[in-house]
Amino acid sequence: MAEEAQSSWGGSLRSRLDTLLGAAQTRLALLTVELQEEKLRLARLLFMTVLTALFLGFAAVFAVLWVTVALWDDHRLLALGLSTGLFLVLGLAAASVAARTVAAGSRLFAASLAELDKDRDALKTRP
C-alpha cells in the first residue's frame, strides 16, 4: 500500500514537472519568436544604414571628382591616386568587419530549447 502511494506521488510529481517544463519551453519559444522579430527590425535598420552609406559614398566620389577637376592642370593624378587608395583601404576594412560578423553567426536559444526537450523526455521515460 505504501509503495503504491509512493508510486502515485512520484507519477504526480513527474506530471507536474513535465507541465512546468512544457510551460517554460513555450515561454522560451515565444521569446525566440520575439527575438526573430527584433532581428527583422535590425535587418531593416541595416538596410537603411547601407543605403545611407551608399548615398554618402556617391557624395564622396563626386567630391573627389570635384577636387580632381579643380586640380586638373597641376596634380590630377595625385588627387585620383590618393582618393583611390583611401577608398580601397576603407572598403577592405569594412569588408573584413562584415566577414567576421557573418562568420560568427548566431543560434540564439537553440541549446536551451534542446536541453528542455531532453529534460522532458527524461521525465517521460522514467518508470
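Modeller: Buried means under 20% relative accessible area, and exposed means over 50%. Keep that in mind, as this is a predicted model.

Colleague: Is Gln-25 buried or exposed?

Modeller: Gln-25 has a relative accessible area of 15%. The cut-off for buried is under 20%, so Gln-25 counts as buried.

Colleague: Where is Gln-25 found?

Modeller: In helix α1, which covers residues 2-70.

Colleague: Which residues does Gln-25 touch, leaving aside those up to four places away in sequence?

Modeller: Gln-25 touches Leu-113, Leu-116, Asp-117 and Arg-120. With Asp-117 there is also a polar contact, side chain to side chain, at 2.6 Å.

Colleague: Let me step back to the whole protein. How many helices and strands are there?

Modeller: Three helices and zero strands. Along the sequence the pattern reads α-α-α.

Colleague: What share of the residues counts as buried?

Modeller: The protein has 127 residues, and 10% of them count as buried. Gln-25 is buried.

Colleague: Which residues form the nonpolar patch on the surface?

Modeller: Leu-54, Phe-55, Phe-58, Val-61, Phe-62, Leu-65, Leu-86, Phe-87 and Leu-90. Together they have about 880 Å² of accessible area. Two elements, α1 and α2 (76-104), each give two or more residues to the patch. The largest share, six residues, comes from α1.

Colleague: Pick one of them. Is Phe-62 buried or exposed?

Modeller: Phe-62 lies in helix α1. Its relative accessible area is 56%. Exposed means over 50%, so Phe-62 is exposed.

Colleague: How many salt bridges does a search of the whole structure find?

Modeller: One. The side chains of Glu-38 and Arg-41 meet there, at 2.8 Å from N to O.

Colleague: Why are Glu-38 and Arg-41 separated by about one helical turn?

Modeller: Because they are three residues apart in helix α1.

Colleague: How exposed are the two partners, Glu-38 and Arg-41?

Modeller: Glu-38 has a relative accessible area of 33%, so it is partly exposed. Arg-41 is partly exposed too, at 46%.

Conventions: Residues are numbered from 1 along each chain as its sequence is written. This is a predicted model: local features need pLDDT of at least 70, side-chain atom pairs count only at pLDDT 80 or more; totals for chains, interfaces and linings use all residues. Side-chain values use heavy atoms; hydrogens and water are left out. Helices (H or I, at least four residues) and strands (E, at least two) are DSSP runs, numbered from the N terminus. Buried means under 20% relative accessible area, exposed over 50%, partly exposed in between (1.4 Å probe, protein chains only). A polar contact is a pair of N or O atoms within 3.5 Å; within protein, one must be able to donate a hydrogen and the other to accept it, and residues adjacent in sequence count only if both atoms are side-chain atoms. Contact means heavy atoms within 4.5 Å. Patches are made of residues with over 30% relative accessible area and no salt bridge: like charges are joined within 9 Å, nonpolar side chains (Val, Leu, Ile, Met, Phe, Trp, Tyr) within 5 Å. Accessible areas come from the Shrake-Rupley method with a 1.4 Å probe; for residues, only the protein chains shown count as cover. A salt bridge is a side-chain nitrogen of Lys or Arg within 4 Å of a carboxyl oxygen of Asp or Glu.
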